[in-house]
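Biologist: Would you kindly take a close look at a single part of this model and describe it in one connected account?

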Amino acid sequence: MPLFRNAIIFYFVVGILIQANISDPVEALFETSIQTVLNLVFIALLLCLKKSFKLYLKTATAFLVAADFIYVFGIPVMLWFTLVGDELVIYLFGLLLMWWLFIITYIIRQALSCSTLLSTMMAFLYIMIVYVGTFALLVIV
């Protein structure tokens with residue numbers, strides 16, 4: 001439970017800081033709140049479909065820690081891009097996102113005991129629901 005709590009606090013705070021650099025602080029708070037809720041709801045629904053909700057805390061913590069690592073490595077990459085604007089940074093950021101997708105795929109595969117193909121599709125669905133869904137909800141609101 002302490003790891004989950006720390007991971008969600010880190011996810012929330014760093015998410016707000018990243019979004020506040022892109023938009024105003026109130027919108028950043030709102031967007032990060034939506035992302036956090038969608039993240040946790042997606043994991044709950046994923047585990048309910050497999051009837052393995054007992055793995056919720058462990059799986060949610062894994063998802064959050066994976067996102068936290070991407071934040072930790074992504075912030076310097078974004079700063080580098082902002083300062084230099086080098087094409088290499090875009091490739092590095094793409095590699096970072098692919099690494100994150102592989103981690104999410106692995107977590108889903110372990111949590112659901114499913115094939116790599118299915119877990120990869122679920123990882124893409126996760127990204128679409130949590131991050132694209134947040135953007136869509138902000139446009140609607």
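**The nonpolar patch and helix H4**

Modeller: Helix H3 (56–84) and helix H4 each supply at least two residues of the nonpolar patch (helices being DSSP runs of H or I, at least four residues, numbered from the N terminus). The model is predicted, with local features needing pLDDT of at least 70, side-chain atom pairs 80 or more, and totals using all residues. Numbering starts from 1 along each chain, and side-chain values use heavy atoms, without hydrogens or water. Trp80, Leu83, Val84, Leu88, Tyr91, Leu92 and Leu95 form this surface patch of about 750 Å² (over 30% relative accessible area, no salt bridge, nonpolar side chains joined within 5 Å; Shrake-Rupley, 1.4 Å probe; salt bridge, Lys or Arg nitrogen within 4 Å of an Asp or Glu carboxyl oxygen). Leu83 lies in H3, whereas H4 contributes the most, with 4 residues. H4 (residues 87–112) also packs against H5 (residues 116–140) at about 115 degrees, the axes 8 Å apart (lines fitted to C-alpha atoms over the stretch in contact, angles from 0 to 180 degrees between N-to-C directions). Among the H4 residues meeting H5 are Trp100, Leu101 and Ile104 (heavy atoms within 4.5 Å).

Conventions: Patches are made of residues with over 30% relative accessible area and no salt bridge: like charges are joined within 9 Å, nonpolar side chains (Val, Leu, Ile, Met, Phe, Trp, Tyr) within 5 Å. A salt bridge is a side-chain nitrogen of Lys or Arg within 4 Å of a carboxyl oxygen of Asp or Glu.
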